[in-house]
Amino acid sequence: MTQPNDSGQEGSSNQTYVLAALALGSNLGDSQTILATALTNLGAIPEIEIKSTSSWYKTKAVGPPQPDYINGCAILQVIMTPQLLLDTLLATEQQFGRVRQERWGPRSLDLDLLLYDKVILDTPNLQIPHPRMRERAFVLVPLAEIAPDWIDPVSGYAIKQLVKDVDCSDVHLLKSNSSHYP
């Protein structure tokens, strides 16, 4: 991770890559194209390298009545602070027309930072690990596909163990397109 310099800006010294886990979802528009394009756009950012992506899954929406989601996960290798990565994800959502009108409402693109190395962080606008990750089959199923042995730093359990504790009956493999990048 880059280290902040005295001005609070990220400096270029001592840069090291860290792994981050990302959840992706969409239930408005051409969701599969939106998700794939969002990954391509993120991978084009010099500080982000996409290491692997899960298959796509069709899942029931959480929240008010709305269309089913397409969900997946990706593992990123980044040279960014958690906050800068979050800002990048929010800007990417906006590029795809994301408008935050109601909690858990429908959306063209939803990008959630799930895990960032072994970091536990709780700030007013960012919690790592994602606070509801351990309750959500639509996150754990695709994450277990590409990072089964990643240990959740809060619970101490591997993702492959956490997925056993959630109801996965509403998570259906849509398209097996798991990609493992060099």
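Is Cys73 buried or exposed? In this predicted model, Cys73 is buried, with a relative accessible area of 2%.

**View 1. A look at two cysteines, Cys73 and Cys168.** Start with Cys73, whose relative accessible area of 2% falls under the 20% cut-off, so this residue counts as buried. Now turn to Cys168: with 27% relative accessibility, Cys168 is partly exposed. If you are looking for disulfides, the structure holds 0 of them.

**View 2. Helix H2 from end to end, residues 82–95.** Here you can follow the 14 residues of H2. Past the helix comes Gly97, which has a positive phi, near 80 degrees.

**View 3. The two sides of helix H2.** Pro82, Leu85, Leu86, Thr88, Leu89, Thr92 and Glu93 are the buried residues of H2. These residues cover an arc of only 160 degrees around the axis, so they lie on the same side of H2. Gln94 and Gln95, on the other side of H2, are exposed.

**View 4. Helices H1 and H2 where they cross.** This close-up brings in helix H1, made up of residues 31–43. The axes of H1 and H2 come within 11 Å and cross at roughly 135 degrees. That angle makes H1 oblique to H2. As for its handedness, the crossing of H1 and H2 is right-handed.

Technical notes
Residues are numbered from 1 along each chain as its sequence is written. This is a predicted model: local features need pLDDT of at least 70, side-chain atom pairs count only at pLDDT 80 or more; totals for chains, interfaces and linings use all residues. Side-chain values use heavy atoms; hydrogens and water are left out. A disulfide is a pair of cysteine sulfur atoms within 2.5 Å. Buried means under 20% relative accessible area, exposed over 50%, partly exposed in between (1.4 Å probe, protein chains only). Helices (H or I, at least four residues) and strands (E, at least two) are DSSP runs, numbered from the N terminus. The expected span of a helix is 1.5 Å times one less than its number of residues. The arc is that of the directions from the helix axis to the C-beta atoms. Axes are lines fitted to C-alpha atoms, for helices over the stretch in contact, and angles run from 0 to 180 degrees between N-to-C directions. Angles under 35 degrees count as roughly parallel, over 145 as roughly antiparallel, 65 to 115 as roughly perpendicular and the rest as oblique. A crossing is left-handed if the near helix is turned anticlockwise from the far one by less than a right angle, and right-handed if clockwise.
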